[in-house]
Amino acid sequence: MQSAFEKQMAGYGLTTAHILYRLPDHPSVLQTYIWQEYDLAPEFPEMRGFLKFWETTLEGLLHSVRYSHQKLIAPREWRTVNGEFILH
């Protein structure tokens, strides 16, 4: 299992999915669920796996899924430091 930092260095970004689903006992009522995980865009294997698990295991039918994805570490943010400042 990779740490969050290792995943970010491998190109993963933070994906947040806002899931609306129907309550099993009251199908006309929608409930919300927020899912967040590090995932690879544009395929999103982690989110697709979670949604497949939801559809096969849980009783609440999915209504809609909205998601956002943001890479937290990008290559341009890393640079070497060639100097050092010493104070007192």
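This is a predicted model: local features need pLDDT of at least 70, side-chain atom pairs count only at pLDDT 80 or more; totals for chains, interfaces and linings use all residues.
Residues are numbered from 1 along each chain as its sequence is written, and side-chain values use heavy atoms, with hydrogens and water left out.

The secondary structure consists of 2 helices and 3 strands, where helices (H or I, at least four residues) and strands (E, at least two) are DSSP runs numbered from the N terminus. Along the sequence these elements follow the pattern α-β-β-α-β. The radius of gyration, taken over C-alpha atoms, is 19 Å, while a compact globule of 88 residues would have a value near 12 Å under the rule of 2.2 Å times the number of residues to the power 0.38. The C-alpha trace spans about 70 × 25 × 20 Å along its principal axes.

The 3 strands form an open sheet in the order β2-β1-β3, with antiparallel pairing; two strands are taken to pair if DSSP finds at least two bridges between them. Because β2 (30-39) and β3 (62-70) stand at the edges with a single partner strand each, one side of each is left without a neighbour in the sheet. The twist averages 15° from one strand to the next, with axes fitted as lines to C-alpha atoms (for helices over the stretch in contact) and angles running from 0 to 180 degrees between N-to-C directions. Between β1 and β2 the antiparallel pairing extends over 10 bridges, and Thr16 stands opposite Gln36 in β2. Helix α2 packs on the sheet, where α2 touches β1, β2 and β3, and its direction makes about 145° with that of β2.

The largest nonpolar core comprises 9 residues, namely Ala17, Ile19, Tyr21, Trp35, Phe44, Met47, Phe50, Leu51 and Trp54. Such a core is a set of buried Ala, Val, Leu, Ile, Met, Phe, Trp, Tyr and Cys residues joined through side-chain atoms within 4.5 Å, buried meaning under 20% relative accessible area, exposed over 50% and partly exposed in between (1.4 Å probe, protein chains only). Two or more residues of this core are given by each of β1 (13-22) and α2 (45-57), and the largest share, 4 residues, comes from α2. Beyond its neighbours within four places in sequence, Trp35 is in contact (heavy atoms within 4.5 Å) with Thr15, Thr16, Ala17, Ile19, Glu46, Met47 and Phe50. Of the 88 residues of the protein, 23% count as buried.
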